[in-house]
Amino acid sequence: MSKPKKFQTLKGFRDILPEHQKFWNFVFEKVKDIAQDYSYQKIDTPILESAELFERTVGQTTDIVEKEMFVFKDKGGEKVTLRPEMTAPVARAYIEHGMISWPQPVKLWYWGPVFRYDRPQAGRYRQFYQFGFEVLGGSSPDIDSQLIIMSNHLYKSFGLDVEVQINSIGCPGCRKEYIKSLTKFLKDKKLCADCRRRLSVNPLRILDCKEKKCREAVSEAPQIIDSLCEECRDHFVKVLEGLDESEVVYNLNPFLVRGLDYYNRTTFEFYLSDEEVASQNALGGGGRYDYLVEQLGGRPTPAIGFAGGVERVVLKIKEKGIKIKDQTQADVFVAQLGEEAKKKCLKLFNDLRKEGIKVRESFSKKGLTEQLERANQMKVKYTLILGQKELLDGTIIIRDMESGIQEIVDFEKVIPEIKKRILGVNGGVKIYSESAPSKS
Ligand code: HAM
C-alpha cells in the first residue's frame, strides 16, 4: 500500500498554535478595550461576499482585485470571493441594515480573517487577520485626527513605538487635475511594465511602486498636496493641527496613495519608528472614503476608517521581546493518590474554579511524581496533594512549587487559604507543620 499523503497548510496559510495564542489574545483584548473606550460597536460580516462588492469599490485596476482575490463561482453560478478586506463589507452592512437612521456617526470595529493571493513572505500571508475601526456618517477633520490618535494609542498599548505616514489625496475634483499633470510628467520617464500600463488606467498607483526606476521617476514628480482644492487643503490642515495637539509622531508623505481606490482626502499608515517605510512593514493603514457608501447605492455618507494586520503586530511584539502575561496560566494544581482521594479532588477542583482560582489537574495520572512533573510543566505556584493519610486526617498538603516547602492544612480550610495566597483574600487558616509528600 502506498504511503498516505501528508497534508500541510496551503502556501501563505498558517495554524495559530496554542503557544502563540497568548499573543493573539493580548492583541485582541487591547483592540477590544480601546474600541470600547472610544464607543465603537462590534460588527462581524461574512467571510464570503459577492466579488462585485470589491470590484466596484476597492477598484478593478488595483492589485487586490486584479491579482489577489480568491474568486470562484458558487453552486448557483454567482461570482463570490473570500473577502480581501473589510471596509467594503462594513459599508455594505451600513446600507443593508439602514444604519443611516442610527445616531451618526456610526462607529464600528471588527476582527477577523481576510484573504489575498499575495506572494507569501515574512509578514505577508494569504490568510491574515485584521482588526479595524470604521466611522460612517461624519465629515469633520476632528474625526480623522481622533482615529489616528486612537490607533497610535493602540500601538503604544502593544508596546510598539510607531510613526504615522500621512498624506491627502484630495477629492475627485482636485485629483483629476493632479492626475493630468502627473501623467504628463511621467509619460516619457522610464517605468516598469506594470507602471507603463498604470499610466493610462491608474497613474496614482505609480507613486508607491517599489521598482527602483519608478521610484526615481516619481521622486521629482509634482506632489498632490500642491494641487489640493481649498476645501481639501483646509480639511488636511485641520487634521494635522489635531495631531499637533497630541503625542502622535507623523511624517508628511506625498507618495502615500494606498492600494485601494475608494480613498479620498486623508490617507495614513503606521510603521515602527525604527523600520523602513516599505509596504510589507506597514502595521496598519486607512483613510477617508467619503464616496464609498454612495458608490454602493447608499445615501451620501462621509466616512473614514483604519485597519491593522494582527500577524505583523504579533511578529513585532515577539521580535521586540515584549513580555506578555499568559492569561491561561494556572495558579494551582490538584494532585491525588488513590480512588477516594481522586473523588474528593474532583469536587475540590470544581470548588476552586468556582472561587475564581485558575486550577489544573491530571486525574488520569496515578503516581505523585508524574503529577508533580505535570504541575511543574504548567508552572503553577502551588500543588495541593491529597494522599491516603491526609484523607484519613481530614487534611491536605499545600506544596509551594518554587521552594518545595510543604504545609498541611485542614481540608475544609484549603480554599480560603489558597484564596488568601493567590487573590490576597484573608483566610486566617491554621497551618500545622511541614511534611514530606505522603505516599499512597
Ligand atoms: P490595507 O492597507 O490593505 O488596508 O491593510 C491593512 C493592514 O493589513 C496592512 O497595513 C497590514 O498590516 C495588513 N496586511 C495587508 N496585507 C497583508 C498580508 N498579505 N499579510 C499580512 N498582513 C497584511 C485595508 O485593508 C483597508 N480596508 C483599511 C481601511 C479601513 N481603510 C479604511 N478603513
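Student: How far is a nitrogen atom of the ligand from an N or O atom in the side chain of T87?

Tutor: The distance is 2.9 Å, from a ligand nitrogen to an N or O atom in the side chain of T87. This is a predicted model, in which local features need pLDDT of at least 70 and side-chain atom pairs count only at pLDDT 80 or more, whereas totals for chains, interfaces and linings use all residues. Residues are numbered from 1 along each chain as its sequence is written, and side-chain values use heavy atoms, with hydrogens and water left out.

An oxygen atom of the ligand has a polar side-chain atom of Q130 at 3.0 Å. On its own the ligand has 660 Å² of accessible area, and the protein covers 95% of this. Such areas come from the Shrake-Rupley method with a 1.4 Å probe, and for residues only the protein chains shown count as cover.

The shell around the ligand comprises 27 residues, and the closest of them are E85, T87, R258, Y263 and A282; a residue is near the ligand if one of its heavy atoms lies within 4 Å of it. By class, the shell has 11 nonpolar, nine polar and seven charged residues. Here Ala, Val, Leu, Ile, Met, Phe, Trp, Tyr, Cys and Pro count as nonpolar, Asp, Glu, Lys and Arg as charged, and the others, Gly among them, as polar. At least two shell residues come from each of strand 6 (127-136), strand 10 (284-288) and strand 11 (303-309). In total the protein has 15 helices and 16 strands, which are DSSP runs numbered from the N terminus (helices: H or I, at least four residues; strands: E, at least two).

Turning to the chain as a whole, the radius of gyration is 29 Å, while a compact globule of 440 residues would have a value near 22 Å. That radius is taken over C-alpha atoms, and the globule rule is 2.2 Å times the number of residues to the power 0.38. Along the principal axes, the C-alpha atoms fill a box of roughly 90 × 65 × 45 Å. Of the 440 residues, 49% are buried, where buried means under 20% relative accessible area, exposed over 50%, and partly exposed in between (1.4 Å probe, protein chains only). The protein exposes about 22300 Å², of which carbon and sulfur atoms supply 50%. Among contacts (heavy atoms within 4.5 Å) between residues at least 6 apart in sequence, 70% join residues at least 24 apart.

Three residues illustrate the interior. Q165 belongs to strand 7 (residues 162-168) and counts as buried because its relative accessibility is 7%. The side chain of Q165 makes a polar contact of 3.1 Å with that of N253. Beyond residues up to four places away in sequence, Q165 touches several others, including N251, L256, F268 and Y271. L186 is part of helix 6 (residues 172-186) and is buried because its relative accessible area is 0%. N202 sits in the loop between helix 7 (193-201) and helix 8 (212-219); N202 is buried because its relative accessible area is 11%. The side chains of N202 and T61 form a polar contact of 3.3 Å, and N202 also touches T62 and D261.

Some backbone features occur in loops. The peptide bond from Q104 to P105 is cis, with omega near -5°, and P105 lies in the loop between helix 4 (87-96) and strand 5 (106-115). S39, which is not a glycine, has a positive phi of about 60°. K379 likewise has a positive phi, near 55°, in the loop between helix 13 (368-377) and strand 14 (382-386). K379 counts as exposed because its relative accessibility is 62%.

Note on methods
Polar contact = N/O pair within 3.5 Å; in protein donor to acceptor, adjacent residues only side chain to side chain.
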